[in-house]
Amino acid sequence: MDVTVTSIAPAAPISRGDALHLIGCSDEDLPELLAAARAAKERFKPGAITYSRKVFLPLTNLCRDYCGYCTFRRDPGDPGAHTMTPDEVLSVARAGEKLGCTEALFSLGDKPELLFPEMRETLRHLGYKSTLHYLEAMCELVLRGTSLLPHPNPGLLSAEWIARLAAVSPSMGLMLETTNAALLAPGAAHDNAPDKVPAKRLRTIEDAGKQNVPFTTGLLIGIGESLEDRVDTLLAIRDMNDRYGHIQEVIVQNFRVKPAIPMANWPEPTRGEMLRAVAVARLLLPNVNIQAPPNLSAPYYDDLMDAGINDWGGVSPLTPDFINPEKPWPHLEQLRLRTEAKGFTLQQRLPVYPEFIPAVTAKPGLLSDKLQAAADDRGLARMKRAA
Ligand code: SF4
């Protein structure tokens, strides 16, 4: 291969040209790419892979978008359509607290009240003007009523809403997914998904950066994008991080086929494609946390450690992955054993990564107090029991 392990300078991010070359490398050259990525990971965070022990709170699965790969969303009246009540939120969070969870992940559809009068009525009944007002209140409820730290994923956000949610959660997230606007075309993955316009998603990520809010983002692999798109999406994230330094984590998530979705007959990305994407993400972003979900690569998720991830993301001992319910999370003990078999220790982190904690604790108040109580002296989860 033209770009060799030895030609990649330690800790220096690779160029777009090198990334394009590497993401399309041959099977013969793949081991060399993986070795470079794993070495880069070890320079960044040696010896450990982290995960966040979480409960998954699908605050509402109503959504105004219709992404072609989504099995989570519902229309009002569909079987399984549901908006959680405050009692349900608190009860799941408290059950997770008993199992040592430290993250309350709020995942929800984007602005369903704009499309559905039924959601407007639900919100009126609950006493809130919008889904985001309700989310803010539920983050505060969890923050006050448990030791869990909220991490909301509510879709596009204005600068004002980023500030409001940052007062009740130490970090938040929005997947960029892709920079390719052609996926909004009829029949493509983001057909009829107005919140998936890449420029709008970049604006939210940038607004979070301007406010120094620790932010999780990432890309989807296998939704109709090209190899070039994957590299350009990673570069757009890198550009944001170069300007604001707030990208705490980049998720590389592979599309998985599910029955009854518009993309039910699409091919899934191969294991090799996924490994190349993760490895190139590591080399483009050598000093950023790179995560890939283990449940979406089971049973071969161990390989992701060879490609340079340093985090497994949120893993729940309690709640299913409502986004990919047919792919159960690995049992935490099995995850630990397989992580150790690759030569790493498994460490439980908080929803906000250690290096970003000072940005949150700098502002005195309830959130800072709760975060300091949850963190140990390394900024990882203060352990009340063995990982
Ligand atoms: S992926 Fe998110 S935005 Fe798209 S339809 Fe599903 S819930 Fe809505």
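User: Where does proline 299 lie?
Analyst: Look for the two elements that flank it. Proline 299 is in the loop between β7 (290-291) and α10 (303-306). Helices are DSSP runs of H or I with at least four residues, strands are E runs of at least two, and both are numbered from the N terminus. This is a predicted model: local features need pLDDT of at least 70, side-chain atom pairs count only at pLDDT 80 or more, and totals for chains, interfaces and linings use all residues. Residues are numbered from 1 along each chain as its sequence is written.

User: What kind of peptide bond joins alanine 298 and proline 299?
Analyst: Read omega. Between alanine 298 and proline 299 it is about 0°, and the bond is cis.

User: Which residues does alanine 81 touch?
Analyst: Here a contact is a pair whose C-beta atoms, placed from the backbone, lie within 7 Å. Setting aside residues up to four places away in sequence, alanine 81 touches Asn61, Leu62, Arg74, Asp75 and Pro76.

User: Which residues other than glycine have a positive phi?
Analyst: Two cases are worth a look. Asparagine 212 has phi of about 60°. Its place is the loop between α7 (198-210) and β5 (215-221). With 15 C-beta neighbours inside 10 Å, asparagine 212 is partly exposed. Alanine 260 has phi near 65°. It is in the loop between β6 (247-254) and α9 (271-284). With 6 such neighbours, alanine 260 is exposed.

User: How do I read two packed helices?
Analyst: Two packed helices are described by the angle between their axes and the distance between the axes. Axes are lines fitted to C-alpha atoms, for helices over the stretch in contact, and angles run from 0 to 180 degrees between N-to-C directions. Take helix α3 (residues 86-98) and helix α5 (residues 131-145): their axes come within 10 Å and cross at roughly 40°. They are therefore oblique to each other (under 35 degrees is roughly parallel, over 145 roughly antiparallel, 65 to 115 roughly perpendicular, the rest oblique). The crossing of α3 and α5 is right-handed (the near helix is turned clockwise from the far one by less than a right angle; anticlockwise is left-handed).

User: Which residues make the contact of α3 with α5?
Analyst: From α3 come Pro86, Val89, Leu90 and Ala93; from α5 come Met138, Leu141, Val142 and Gly145. By class, that is seven nonpolar, one polar and no charged residues. Ala, Val, Leu, Ile, Met, Phe, Trp, Tyr, Cys and Pro count as nonpolar, Asp, Glu, Lys and Arg as charged, and the others, Gly among them, as polar.

User: At what angle do α1 and α8 pack?
Analyst: Helix α1 (residues 16-23) and helix α8 (residues 227-244) pack at about 140°, with their axes 9 Å apart. That makes α1 oblique to α8. Their crossing is right-handed. Arg16, Ala19, Leu20 and Ile23 of α1 meet Leu227, Glu228, Arg230, Val231 and Leu235 of α8. The classes are six nonpolar, no polar and three charged residues.

User: Is glycine 96 buried or exposed?
Analyst: Glycine 96 is in helix α3. It has 27 C-beta neighbours inside 10 Å, so it counts as buried. Beyond four places in sequence, glycine 96 is in contact with Val55, Cys101, Leu148 and Leu318. Now compare sequence with space: glycine 96 and serine 147 are 51 residues apart in sequence and 9.9 Å apart, C-alpha to C-alpha.

User: What about alanine 166?
Analyst: Alanine 166 lies in helix α6 (residues 159-166). With 23 C-beta neighbours inside 10 Å, alanine 166 is buried. It touches Gln211 and Val213, leaving out residues up to four places away in sequence. Lysine 342 is 176 residues along the chain from alanine 166, and their C-alpha atoms are separated by 36 Å.

User: How many helices and strands does the protein have?
Analyst: The protein has 13 helices and nine strands. Its radius of gyration is 20 Å, close to the 21 Å that the globule rule gives for 387 residues, so it is as compact as a globular protein of that length. The radius is taken over C-alpha atoms, and the rule is 2.2 Å times the number of residues to the power 0.38. Buried residues make up 48% of the 387.

How values were computed
A residue is buried if 20 or more other C-beta atoms lie within 10 Å of its own, exposed if 12 or fewer, and partly exposed in between; C-beta atoms are placed from the backbone. Two residues are in contact if their C-beta atoms, placed from the backbone, lie within 7 Å.
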